[in-house]
Amino acid sequence: MKITIGHLYPDLLNLYGDRGNIQCMKKRCEWRGIEAEVREFQLTDPINFANLDIVLLGGGSDREQMLVCEKLRMIQKDFRDYVEDNGVVIAVCGGYQLLGHYYDTNNGRIEGLSLVDLYTEQGSPRLISNIVIENELFESPIVGFENHGGRTYIGDNRPLGKVKFGYGNNGSDGAEGVLYKNIVGTYLHGPLLPKNPQVCDYLIRNALERKYGSEELAPLDDSQELEANRYIVERFC
Amino acid sequence: MIAVWTAKIVSTVCRLSGRQGVTLAGRIALKIDPRILADLSSMVREKIFVVCGTNGKTTTNNLLCSAIESEGKKLVCNHTGSNMLAGVAAAFVLAAGNNGKLDADYACIEIDEASTLRIFPHFKPDYMVLTNLFRDQLDRYGEIDITMDILDRAMKMASEMTVIVNGDDALSVYLAMKSGNPYRTYGISEQVFKEQGSEQNGHEIREGRFCKNCGARLEYEFYHYSQLGKYHCPNCEFTRPEIDFDASHIDMSNGLKFEVEGRRIEADYRGFYNIYNILAAYSAARTAGLSLENFDDVLRKFNPQNGRMEQFVIDGTQVVLNLAKNPAGFNQNISAVMEDEKPKDVIIVINDNAQDGTDISWLWDVDFDRFAQESIRSITVSGIRCQDMRLRMKYVDIPSELIADVKSAIEARIKDGCGNLYVLVNYTALFSTRNILVGMQN
């Protein structure tokens, strides 16, 4: 079995720790004997979504996001087809905002990909905090760190979790992130996946299921991951 | 004068009670007399230097101080690295005499980049050393773009200030050029690391890959580390400038050796990044017209005693303590550790207090896989976020032992280690770890 992970524009969207999400998916495949290939795409590279099983869209500064979003408009249709065909996407922070219709900043509007029915508006102050959220899909709470000026509104979509500590999508409605088809969008970095192995396995399982039909993942010894997770939960909740 | 006295008393009381009273003393002095920093700094007889940049500020500034002192000059310096407004005010106040007058030829002040806009209204420096710009504590400072914007405004506030800039850093150079300030450059024009795809700098995070002037992707002839190297823009006129102080004949086989302005410079330090620190201090002093005839002597005697590659001997174990607080700094630290080919134990201490940055995601931008070498006998993780650090090592398949308490971790490795111990710590762990090591050495 083999999974191909596409890392979109790591030169531009590579804020703190995005590499950790890639490394986590890769290792958790390899430890189970599943081959994992990581393909990095630069702005000028063509992307064939048919060859990808997981797409990672990371965070960047507003300026960098502006550069990326011009390019993304050119691949919008292919990306949309991939998503509607249950392609797995993990989008963090700036990448999460780009999933929606737009991000209104003080310097103008950044057009999004409209892959998910959501939008973002710049607010003040920036929401900077450790964060703990809960979703019954996952046994453990999901922990991470958030740092965003944007307030995201997801309408009737399912959130990734309910905020137990921290701010979440907009600091007011108690929701964090979004789940749509096989997309996970979230403000959580830290990076997200190493301390939340169940989220990482959720992505891998969905990718395997789409590619090979139903798949059970072999269990791994996650004691160190869960200890690190528990430390954050106990400290802040 | 009252402000000076009060500040001195506060500082003494705090020092006696064991606290670092510098910042508090500065804050009180400014409260009593808001003009105190402007007044005292205007008494500096010759020039005022400031040192800015993400990494290397403290070492560069302290070296510059030693170099200027060796010319027989008196100076003011914020040695402790308290580099925001209150800390800078304190440096001047505590250097003043009881008559409220300052007796100094020069001032050498390191300044936190974000504090420049608050400090420059009090005095306009004659020189600014700009060492480099890397990602650092995003939760405190925000993106590099924000830091660059602040420095740009600061440079424009002091338009006659000469900027001494690291010519190998496209981001710093762009700022210096754009500001309209006069500038001088230092750098390393020869390729030092031959295998560019190698572990030395293969997958490092690099800032500013895209030309700040036109947005095109910069092209590099080679990298030294992170984004430092020999670059040009293929699309516009932006290019690495002529280097005024060019280090050549770099030799790192036994300490650091290089040539600049036809002089041979030798220092018994480790770490490629220290060439930049030495070069920055040298270039600044030379730009100000100092002869630096005793520079070799300065380097020989220079012992920072502040946890920058500081050495201890404890029960026969050689211990080196070094600060590493962001990806670029940590990667250079790993290089420095690996330059020592002897077997060694490594302790990594990671805290997430406010001054460290509460966001520790940056650990995943550090190339820890380079510790997967025979000579690394053990890795011990410690400090408040030791769990995260253990996980970081796990995901490069390197096992580590977790001992949360720093003192216990050090004691364990001195007891059962191989006699050669490196302790790498981030900011707030530095002072406490150093105190532990000083205590154990005595």
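1. Chain A has five helices and twelve strands, where helices (H or I, at least four residues) and strands (E, at least two) are DSSP runs numbered from the N terminus. Its radius of gyration is 17 Å, close to the 18 Å that the globule rule gives for 237 residues, so chain A is as compact as a globular protein of that length. The radius is taken over C-alpha atoms, and the globule rule is 2.2 Å times the number of residues to the power 0.38. This is a predicted model, in which local features need pLDDT of at least 70 and side-chain atom pairs count only at pLDDT 80 or more, while totals for chains, interfaces and linings use all residues. Residues are numbered from 1 along each chain as its sequence is written, and chains are lettered from A and ligands numbered from 1 in the order in which they are written.

2. Along the principal axes, the C-alpha atoms of chain A fill a box of roughly 45 × 45 × 30 Å. Of the 237 residues in chain A, 50% are buried. A residue is buried if 20 or more other C-beta atoms lie within 10 Å of its own, exposed if 12 or fewer, and partly exposed in between, with C-beta atoms placed from the backbone. Among contacts in chain A between residues at least 6 apart in sequence, 70% join residues at least 24 apart. Two residues are in contact if their C-beta atoms, placed from the backbone, lie within 7 Å.

3. Chain B has 15 helices and 18 strands. The radius of gyration of chain B is 22 Å, close to the 22 Å from the globule rule for 442 residues, so chain B is as compact as a globular protein of that length. Its C-alpha atoms fill a box of roughly 60 × 60 × 40 Å, taken along the principal axes. Buried residues account for 53% of the 442 residues in chain B. For contacts in chain B between residues at least 6 apart in sequence, the share that joins residues at least 24 apart is 69%.

4. On the interface, 19 residues of chain B are in contact with 27 residues of chain A. On the side of chain B that touches chain A, the elements giving two or more residues are α7 (138–141) and α13 of chain B. The most comes from α13(B), with five residues. By class, this side of chain B has six nonpolar, four polar and nine charged residues. Ala, Val, Leu, Ile, Met, Phe, Trp, Tyr, Cys and Pro count as nonpolar, Asp, Glu, Lys and Arg as charged, and the others, Gly among them, as polar.

5. One helix pair spans the two chains: α5 (residues 223–236) of chain A and α13 (residues 386–394) of chain B pack at an angle of about 150 degrees, with their axes 9 Å apart. Axes are lines fitted to C-alpha atoms, for helices over the stretch in contact, and angles run from 0 to 180 degrees between N-to-C directions. α5(A) and α13(B) are therefore roughly antiparallel to each other; angles under 35 degrees count as roughly parallel, over 145 as roughly antiparallel, 65 to 115 as roughly perpendicular and the rest as oblique. The crossing of α5(A) and α13(B) is left-handed, meaning that the near helix is turned anticlockwise from the far one by less than a right angle, with clockwise counting as right-handed. From α5(A), the contact takes A:Gln224, A:Glu225, A:Glu227, A:Ala228 and A:Tyr231, and from α13(B) it takes B:Gln387, B:Asp388, B:Arg390, B:Leu391 and B:Lys394. These comprise three nonpolar, two polar and five charged residues.

6. Within chain B, helix α2 (residues 22–32) packs on helix α5 (residues 85–95) at about 85 degrees, with the axes 7 Å apart. That makes α2(B) roughly perpendicular to α5(B). Residues of α2(B) in the contact include B:Ala25, B:Gly26 and B:Ala29, and those of α5(B) include B:Ala86, B:Gly87 and B:Ala90. The contact has nine nonpolar, three polar and one charged residues.

7. The axes of helices α14 (residues 406–416) and α15 (residues 427–441) of chain B come within 10 Å and cross at roughly 45 degrees. That makes α14(B) oblique to α15(B), and their crossing is right-handed. B:Val406, B:Lys407 and B:Ile410 of α14(B) meet B:Ala429, B:Ser432, B:Thr433 and B:Ile436 of α15(B). The classes are four nonpolar, two polar and one charged.

8. B:Gly215 lies in the loop between β6 (183–187) and β7 (219–225) of chain B. With 12 C-beta neighbours inside 10 Å, B:Gly215 counts as exposed. Apart from its neighbours within four places in sequence, B:Gly215 is in contact with A:Leu67 and B:Phe210.
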